[in-house]
Structures are given as C-alpha cells and as structure tokens.
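I am opening my notebook on this structure, and I want to write down what I looked up, one entry after another.

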Amino acid sequence: QVQLVESGGGLVQPGGSLRLSCAASGSISSIYRMAWYRQVSGKQRTLVAGITRGGSTNYADSVKGRFTISNDNAKNTMYLQMDSLKPEDTAVYYCNAKTLVVTTWYDYWGQGTQVTVSS
C-alpha cells in the first residue's frame, strides 16, 4: 500500500508559477513510477508528467518546456514545478504512483489539488 498526499495548489495569474508536492508513504520501495495527472470537470483524467525510479521523465506536449517534474528521494516527495501557467492549465491535479508487486501492477492516487489560472 502507498499513501499519497498532494499540496501546493491554488489561484495564480496567467504567466505565474506554482509548485505542487506529493508526499509518499507506505511501501515506497515498490514504486516503479510516479506521475501527475490532471482532470477538468466532465473530462477524462490525462497525464501531465511522469518520472520513473531511474529518473526518466516524460511530459504531455501541452506542458513541455513549462513544467518540470522531479523527485527528492530523501524526502519521498515528488514535485511539479509549473511555470508560464495558462488558463487552460486550470484543473484538479492528482498524484499517481504505480507499483509492481511480483507480477501485478497497482495504481495509487492522491486526493487531488485544485489549480486555477485566472486573472
């Protein structure tokens, strides 16, 4: 079992920055990859950025060059630095951890944090 707690959301003006944090606890050693997803009301949850245990990263095209995902293994915390924010980045952002136990994959989710980009 993995528990995830997000923080750092809020209201920001277009062009501004926010940093989201996701603190993980529980079976940390079983985590293969962590990621940020976002969801707008009435739409599907979509991948924003992911980072593997080895440090490989991937980003949605819409956030490349503006968002940066990182890990602090000592603190068991993942971050999403969001710069040059746009109104279309407004969504609830969710932290995800994917674990591998023997041959079975599991997904864990945080409670979500609201990001609103508006003037």
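Before anything else I noted the cut-offs: a residue is buried under 20% relative accessible area, exposed over 50%, and partly exposed in between. I also kept in mind that this is a predicted model.

**Entry on salt bridges.** I looked up the salt bridges and found that the structure holds four. One of them joins Asp-107 and Lys-98, with the closest N and O atoms 3.1 Å apart.

I then turned to Asp-89, which forms a salt bridge with Arg-38, the closest N and O atoms being 3.0 Å apart. This pair links distant parts of the chain, since Asp-89 lies in the loop between β8 (77-82) and β9 (91-101) while Arg-38 lies in strand β4 (residues 31-39), 51 residues apart. I recorded both Asp-89 and Arg-38 as buried, and I noted that Arg-38, Arg-66 and Asp-89 are linked in a network of salt bridges.

Another salt bridge is formed by Lys-64 with Asp-61, where the closest N and O atoms are 3.1 Å apart. Asp-61 has 65% relative accessibility, which is why I wrote it down as exposed.

**Entry on Ser-17.** I found Ser-17 in the loop between β2 (10-12) and β3 (18-26), and I listed it as partly exposed because its relative accessibility is 40%. Which residues does Ser-17 touch, leaving aside its neighbours within four places in sequence? I listed Val-12, Gln-81, Met-82, Asp-83, Ser-84 and Leu-85. With Asp-83 there is a polar contact of 2.7 Å between the side chains. Leu-85 is 68 residues from Ser-17 in sequence, yet the two are 6.2 Å apart in space, C-alpha to C-alpha.

**Entry on the surface.** I looked up a nonpolar patch on the surface, formed by Tyr-32, Leu-100 and Trp-105, which together have about 310 Å² of accessible area. Trp-105 sits in strand β10 (residues 104-109), and with a relative accessible area of 43% it is partly exposed.

From Tyr-32 I went on to Gly-54, which is 22 residues away in sequence and 8.6 Å away in space, C-alpha to C-alpha.

Key:
Residues numbered from 1 in each chain as written. Predicted model: local features only at pLDDT ≥ 70, side-chain atom pairs only at ≥ 80, totals over all residues. Heavy atoms only, no water. Helix = DSSP H or I, 4+ residues; strand = E, 2+ residues; numbered from the N terminus. Buried < 20%, exposed > 50% of the residue type's maximum accessible area, 1.4 Å probe, protein only. Contact = heavy atoms within 4.5 Å. Polar contact = N/O pair within 3.5 Å; in protein donor to acceptor, adjacent residues only side chain to side chain. Patch = residues over 30% accessible without salt bridge, like charges linked within 9 Å, V, L, I, M, F, W, Y side chains within 5 Å. Areas by Shrake-Rupley, 256 points an atom, 1.4 Å probe, with all protein chains shown as cover. Salt bridge = Lys/Arg side-chain N within 4 Å of Asp/Glu carboxyl O.
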